[in-house]
Amino acid sequence: GRGQIQFPHNNTHPLKKIAMTQYYVKKGLRLFGQKGIDAVKAEVAQLDEMDVLEPISDITETDRLSALEYLMFLKEKRDGTIKGRGCANGSKQQV
């Protein structure tokens, strides 16, 4: 498919295990279940502890549309633990 790395005929290619273990949060939660939920909670708790995000209860439509999206991914580490990773989608920012 578009934007996907094509591997040889089977799923045993060594790069597939390394390169393809990061998932959008929705798919990651389906795959990892409670371990995925715990990873997301830990990532959000870390953001809260570091005062990265500030909740806003009353926001204008203009501000809402101009706000950066926060993308969350789940990654299975080599030791089998699940790690939440997040990043801001800065494509809305002008250079």
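1. K92 is partly exposed, at 41% relative accessibility. The cut-offs are these: buried is under 20% relative accessible area, exposed is over 50%, and partly exposed lies in between, with a 1.4 Å probe and protein chains only. K92 sits in the segment after β3 (82–89). Leaving out residues up to four places away in sequence, K92 touches L65, S66, A67 and L68. Contact here means heavy atoms within 4.5 Å.

2. Basis of the values. This is a predicted model, in which local features need pLDDT of at least 70 and side-chain atom pairs count only at pLDDT 80 or more, while totals for chains, interfaces and linings use all residues. Residues are numbered from 1 along each chain as its sequence is written, and side-chain values use heavy atoms, with hydrogens and water left out.

3. Overall layout. The protein has 4 helices and 3 strands. From the N terminus, the order is α-β-α-α-α-β-β. Both kinds of element are DSSP runs numbered from the N terminus: helices are H or I with at least four residues, strands are E with at least two.

4. Burial and contacts. Of the 95 residues in the protein, 14% are buried. Take the contacts between residues at least 6 apart in sequence: 51% of them join residues at least 24 apart. The protein exposes about 8,100 Å², and carbon and sulfur atoms supply 53% of that area. Accessible areas come from the Shrake-Rupley method with a 1.4 Å probe; for residues, only the protein chains shown count as cover.

5. Salt bridge. The rule asks for a side-chain nitrogen of Lys or Arg within 4 Å of a carboxyl oxygen of Asp or Glu. The count is 1 salt bridge. E61 pairs with R64, and their closest N and O atoms are 2.7 Å apart. Both residues lie in helix α4 (residues 61–66), 3 residues apart, or about one turn of the helix. E61 is partly exposed at 46%. R64 is partly exposed too, at 45%.

6. Negative patch. D48, E49, D51 and E54 gather on the surface as a patch of negative charge. Patch members have over 30% relative accessible area and no salt bridge; like charges are joined within 9 Å, and nonpolar side chains (Val, Leu, Ile, Met, Phe, Trp, Tyr) within 5 Å. Asp and Glu count as negative, Lys and Arg as positive; His and the chain ends are not counted. Each charge is placed at NZ of Lys, CZ of Arg, CG of Asp or CD of Glu. E49 belongs to helix α3 (residues 34–49). E49 is exposed, with a relative accessible area of 64%.

7. Backbone at D51. Most residues other than glycine have a negative phi. D51 is in the loop between α3 and α4. D51 is exposed, at 66% relative accessible area.

8. Nonpolar patch. M50, V52 and L53 form a nonpolar patch on the surface, with about 310 Å² of accessible area together. V52 is placed in the loop between α3 and α4.
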